[in-house]
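Subject: A structure for you to look at

Hi there,

Could you take a look at this structure when you have a moment? I have put together some notes to go with it.

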Amino acid sequence: MTFGNSAPDASPYADEGPYGTPVVKQKKAGLTRRGKVAIAVAGVAIAGGGTIWFQVHSAAVAKDEKEAAALQIQMKKLELEEMRIRNEQASSDKKAAAASAEKIQAAVDKCVKDSSDQIGKGFGSPSRSDVVADCKQQYENLDGSDMAAAGNAQNASNGGGGEISSPALLGLVAGGGLAIAVFARKGKKADA
């Protein structure tokens, strides 16, 4: 250190003025005017593009929703049409079944009435419940188209003579078998 008028050491790195180190003005951090304008333009472009995209997207979604609703309505109409057709078919089937049942019941009643003269006539003659069961069995599988053929078959069997009922037929077969067994046994005893 030196005092007085002596010259200070000239240092190549010293940048001192007569009042000490000069204060350097620092530049403000941030963008220039041109950078700020560029960012503003980019922001407006992004916001505008996003708005336009959102409008297009929402319009497409609304269109899809309308098409889906229209398709759903069309499906409901088809389901209602199918239900209407099924109901009509069920109604016509029910009417046909009722008509067929009425025809079958009338045929069974006629059969029972025609066969009532055979009820309780003697040994092996059918009871009323047997006649009803036979008539029901005869007509239960017939539909309206076969009713005429069944009526003709019933008339032909009644016109030709009396019928042999199931119990009478069973009695005849059992009696015939018993007679054959008795004669066969007598034949064996005669040979011995």
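Here is what I found, starting with how to read the values.

This is a predicted model, in which local features need pLDDT of at least 70 and side-chain atom pairs count only at pLDDT 80 or more, while totals for chains, interfaces and linings use all residues. Residues are numbered from 1 along each chain as its sequence is written, and side-chain values use heavy atoms, with hydrogens and water left out.

The whole chain

The chain has 4 helices and 0 strands, giving the pattern α-α-α-α along the sequence. Here, helices (H or I, at least four residues) and strands (E, at least two) are DSSP runs, numbered from the N terminus. Of the 192 residues, 9% count as buried, where buried means under 20% relative accessible area, exposed means over 50%, and partly exposed lies in between (1.4 Å probe, protein chains only). The accessible surface is about 16,400 Å², and 61% of that belongs to carbon and sulfur atoms; such areas come from the Shrake-Rupley method with a 1.4 Å probe.

Where H1 and H2 meet

Two packed helices are described by the angle between their axes and the distance between the axes. The axes of H1 (residues 33–115) and H2 (residues 128–139) come within 9 Å and cross at roughly 140°. Axes are lines fitted to C-alpha atoms, for helices over the stretch in contact, and angles run from 0 to 180 degrees between N-to-C directions. H1 and H2 are therefore oblique to each other: angles under 35 degrees count as roughly parallel, over 145 as roughly antiparallel, 65 to 115 as roughly perpendicular, and the rest as oblique.

Which residues of H1 meet H2? They are Ile 104, Ala 107, Val 108, Cys 111, Val 112 and Ser 115, and their partners in H2 include Arg 128, Val 131 and Tyr 139. Contact means heavy atoms within 4.5 Å.

Ser 116 is in the loop between H1 and H2. With a relative accessible area of 36%, Ser 116 is partly exposed.

Pro 167 sits in helix H4 (residues 166–191), and its 39% relative accessibility makes Pro 167 partly exposed. The C-alpha atoms of Pro 167 and Ser 127 are separated by 10.0 Å, although these residues are 40 residues apart along the chain.

Happy exploring!
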